[in-house]
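User: Hello! I am new to this structure and would like to walk through it with you. Could you take my questions in turn?

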Amino acid sequence: MAVKEFMQRIEEERRVRIVSREDCVKEQASSLKQSIKETEQGESESEPPLKFCRIEEEIEEEGGNPLLNFEERCPPGGIDRVIFYSTTLRGIRKTFEDCNGVRFLLQSLRVRYHERDVSMHKEYREELWEVLEGKVMPPRLFVKGRYIGGAEEVLGLNEQGKFRVLFEGLPPVDSSTEPCEACNGVCFVLCFNCSGSHRISTPDGLWSECLYCNENGLIICSHCCC
């Protein structure tokens, strides 16, 4: 009887923790949406809010280009782009949620970015490690060849009102553009040579590794990710 009551109490405490954690996540998401909404409303007014006036003054004092305050580390093809390294694997919950947070922020600000999922393509992971000279975890954001940081740095800049200005001069997202017909926006398609198995049959009846695709039997979409 005592064991049963103990297990019931443990289960109840677990449920309370889950509910509290969900409420916390919802509250953070609501706060972020409200912040973005207030920012957009401020931009539509004839006079910019005092907060953004101060930010513009700080930018002018710092030399006019806020990106110059960040370390120059340019991933391949990132000199005039926004490159976002992420992962869609749920193995490490915090990493997965951090990636979702940065992605949500970029999408909310209508930033055109190129996402490189290290869980889909190991070359992206090795590319990230080489650029930052270490085995770092995503999310990691780069803007015009400058390293902005991970989730903590990105969300901190947004709270200070210094994140949106990093994308000045870059083209916004075109809402009228449909997802790529070839990959539906995933950026990868199944290998045409091995049909996604990452192995092919040899003339002598054995199996060998397919040389056209990555470890997941995928190739980068040639229509939208070149």
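This is a predicted model: local features need pLDDT of at least 70, side-chain atom pairs count only at pLDDT 80 or more; totals for chains, interfaces and linings use all residues.

User: In the largest nonpolar core, which residues touch the most other members?

Analyst: A nonpolar core is a set of buried Ala, Val, Leu, Ile, Met, Phe, Trp, Tyr and Cys residues joined through side-chain atoms within 4.5 Å. Buried means under 20% relative accessible area, exposed over 50%, and partly exposed in between (1.4 Å probe, protein chains only). The largest core has 20 residues, and those touching the most other members are Leu106, Leu141, Ile148, Phe163 and Phe167.

User: Which helices and strands each supply at least two residues of this core?

Analyst: Helices (H or I, at least four residues) and strands (E, at least two) are DSSP runs, numbered from the N terminus. The ones that each supply at least two residues of this core are β2 (82-86), α3 (93-108), β4 and α5.

User: Which residues of helix α5 are buried?

Analyst: An α-helix has 3.6 residues a turn, so residues three or four places apart point the same way. Helix α5 covers residues 151-159, and its buried residues are Ala151, Val154, Gly156, Leu157 and Asn158.

User: In β5, what is the bridge partner of Phe142?

Analyst: Two strands pair if DSSP finds at least two bridges between them. β4 and β5 pair in the antiparallel sense over three bridges, while β1 (residues 71-72) pairs with β5 (residues 146-149), also in the antiparallel sense, over two bridges. Glu71 has Tyr147 as its bridge partner in β5, and for Phe142 the partner in β5 is likewise Tyr147.

User: Is Glu133 buried or exposed?

Analyst: Glu133 sits in the loop between α4 and β4. Its phi is near 55°, a positive value in a residue other than glycine. With a relative accessible area of 64%, Glu133 is exposed.

User: What is the omega of the peptide bond from Pro138 to Pro139?

Analyst: Pro139 also lies in the loop between α4 (122-132) and β4 (140-143). The peptide bond from Pro138 to Pro139 is cis, with omega near 5°.

Note on methods: Residues are numbered from 1 along each chain as its sequence is written. Side-chain values use heavy atoms; hydrogens and water are left out.
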